[in-house]
Amino acid sequence: MTLYIGREASKLWKRICAETTTEINLLLDNWKYVLAGLIFQYIHGLAAHGVHYLHRPGPTLQDLGYFLLPELGQDKAYISETVFSFVFLSFVLWTFHPFVFKSKKIYTVLVWCRVLAFLAASQFLRIITFYSTQLPGPNYHCREGSKLARLPKPANVLEVLLINFPQGVVYGCGDLIFSSHMIFTLVFVLTYQKYGSRRCIKQFAWLFAVIQSLLIVASRKHYTVDVVVAWYTVNLVIFFIDKKLPELPDRSNGNSPISLPLSTKNKDSKTKEENHKLLNGNSVDPADWA
C-alpha cells in the first residue's frame, strides 16, 4: 500500500513539474496579454471608486424585481456574496486542474488570456454606462442617511488611486446599470460551457448564474436592469470576441509522449518548436513523459 501511494505521488509530482514547465513557456509568450488584463482589473476598480464621488443618494427607483422578489434584508446580504465566492473559486480551481489531473483539455495561461479579454471588454462597457448616468444606489449603505453614501472630496490623488481597498470595493456606490458580479459569473460560466467536459457541472453552473441574478436583486445590491443588461451584453461580447480570437488547442486529442531534447545545443530551438506547436493546437501532453 505504501509503495502504491509513493508511486502515485511520484507520478503526480512529475505531472505537476511537466505542466509547470509548459505553462511557464506559454506565460513567457503571452505575459503581455495577462498583464494587460490584470491592469484593466485595477482600472475598472479605480473607475468604480471614482464614480462613488459623484454618487448622490435619493429615493430608490421603481423596480419590477423589487415587487416580485422578497427583500432579504441587510443581515442576509452575505448570501449572494457567498454564492459568488463559490462560483469564483470553483472556476479558478478548474483552470488549474491540468497541474493535477492526467485528463485535461485546456492550458491554464491560454484560458486566462481569453477570460481576461472577455472581462476587460465587458467592464469597459460597464464603465461607460455608469459614468453616462448616475443613479441613486439601492444598496443599504448607498441610501440617504448612510455615512458611506457620499464620499468626501479626496485630500490628494493618492487617496483616489489606492481605492481604499477592500472597503472601497465592497461599499461602492454609483456603479450601476451593469452588474459587476454578473460579468464575472457569466464569463466564467460561458467559458466552462465551451471548454469544460462535465455536462452536469455545466447545468449546475447555469443554475448558479440564475440564482446569483435573483439574489443580487433580492439583496437590493443592484436594480433588475443591471442584471438584465449584464445577461445579454456579456453574451454578445463573448460571442464577438471569441470569433476574433484564435481557437484554443484541444489537449484531449493526441496525448502521445514527446521526446526530450538530446543536447543543450538544440534545447532552445526545441523549446521554440514546442511552443509553436502548443499555440497551433498540435501539442502533446508533457505530463506523460517517461
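These exercises walk through a predicted model of one protein chain.

**Exercise 1. The overall fold**

Task: Find how many helices and strands the protein chain has, and describe the order of its elements.

Solution: 
- Step 1. Count the elements. The protein chain has 10 helices and 0 strands.
- Step 2. The elements run α-α-α-α-α-α-α-α-α-α.
- Step 3. Check burial. The chain has 290 residues, and 43% of them count as buried.

**Exercise 2. The cysteines**

Solution: 
- Step 1. Search the whole structure. There is 1 disulfide.
- Step 2. Name the partners. Cysteine 142 is joined to cysteine 173, with an S to S distance of 2.0 Å. The cut-off for a disulfide is within 2.5 Å, so the pair qualifies.
- Step 3. Locate both ends. Cysteine 142 lies in the loop between α4 (108-132) and α5 (157-161). Cysteine 173 lies in the loop between α6 (167-170) and α7 (180-195). The pair therefore ties together parts that are 31 residues apart in sequence.
- Step 4. Check burial. Buried means under 20% relative accessible area. Cysteine 142 has 3%, so it is buried. Cysteine 173 has 1%, so it counts as buried.
- Step 5. Cysteine 17 is partly exposed at 31%. Cysteine 200 is partly exposed at 43%.

**Exercise 3. The nonpolar cores**

Task: Which elements give two or more residues to the largest nonpolar core, and which gives the largest share?

Solution: 
- Step 1. Start with the core itself. The largest nonpolar core has 45 residues. Val115, Leu119, Val187, Phe188 and Val234 have the most contacts inside it.
- Step 2. List the elements that give two or more residues. They are α1 (2-52), α3, α4, α7, α8 and α9 (224-244).
- Step 3. Pick the main contributor. The largest share of this core, 10 residues, comes from α7.
- Step 4. Zoom in on phenylalanine 188. Leaving out residues up to four places away in sequence, phenylalanine 188 touches Val87, Phe88, Phe91, Trp112 and Val115.
- Step 5. Look for another core. A second, separate core has 7 residues, including Ala48, Val51, Ala120 and Ile127.

**Exercise 4. The second largest pocket**

Task: Describe the volume and the lining of the second largest pocket.

Solution: 
- Step 1. Give the volume. The second largest pocket has about 610 Å³.
- Step 2. Find the lining. It has 23 residues, and Ser90, Trp94, Tyr192, Arg198 and Ile201 are the closest to the centre of the pocket.
- Step 3. Trace the helices. α3 (78-95), α7 and α8 (199-218) each supply at least two lining residues. The largest share, 6 residues, comes from α3.
- Step 4. Sort the lining by class. There are 14 nonpolar, 6 polar and 3 charged residues.

Notes
Residues are numbered from 1 along each chain as its sequence is written. This is a predicted model: local features need pLDDT of at least 70, side-chain atom pairs count only at pLDDT 80 or more; totals for chains, interfaces and linings use all residues. Side-chain values use heavy atoms; hydrogens and water are left out. Helices (H or I, at least four residues) and strands (E, at least two) are DSSP runs, numbered from the N terminus. Buried means under 20% relative accessible area, exposed over 50%, partly exposed in between (1.4 Å probe, protein chains only). On a 1 Å grid over the protein atoms alone, a cavity is a set of points where a 1.4 Å probe fits but cannot get out, and a pocket is an open set with protein on both sides within 12 Å along at least five of seven lines; lining residues have an atom within 4 Å of a point. Grid points are joined across faces, edges and corners, and a volume is the space filled by probe spheres set on the points. Ala, Val, Leu, Ile, Met, Phe, Trp, Tyr, Cys and Pro count as nonpolar, Asp, Glu, Lys and Arg as charged, and the others, Gly among them, as polar. A nonpolar core is a set of buried Ala, Val, Leu, Ile, Met, Phe, Trp, Tyr and Cys residues joined through side-chain atoms within 4.5 Å. Contact means heavy atoms within 4.5 Å.
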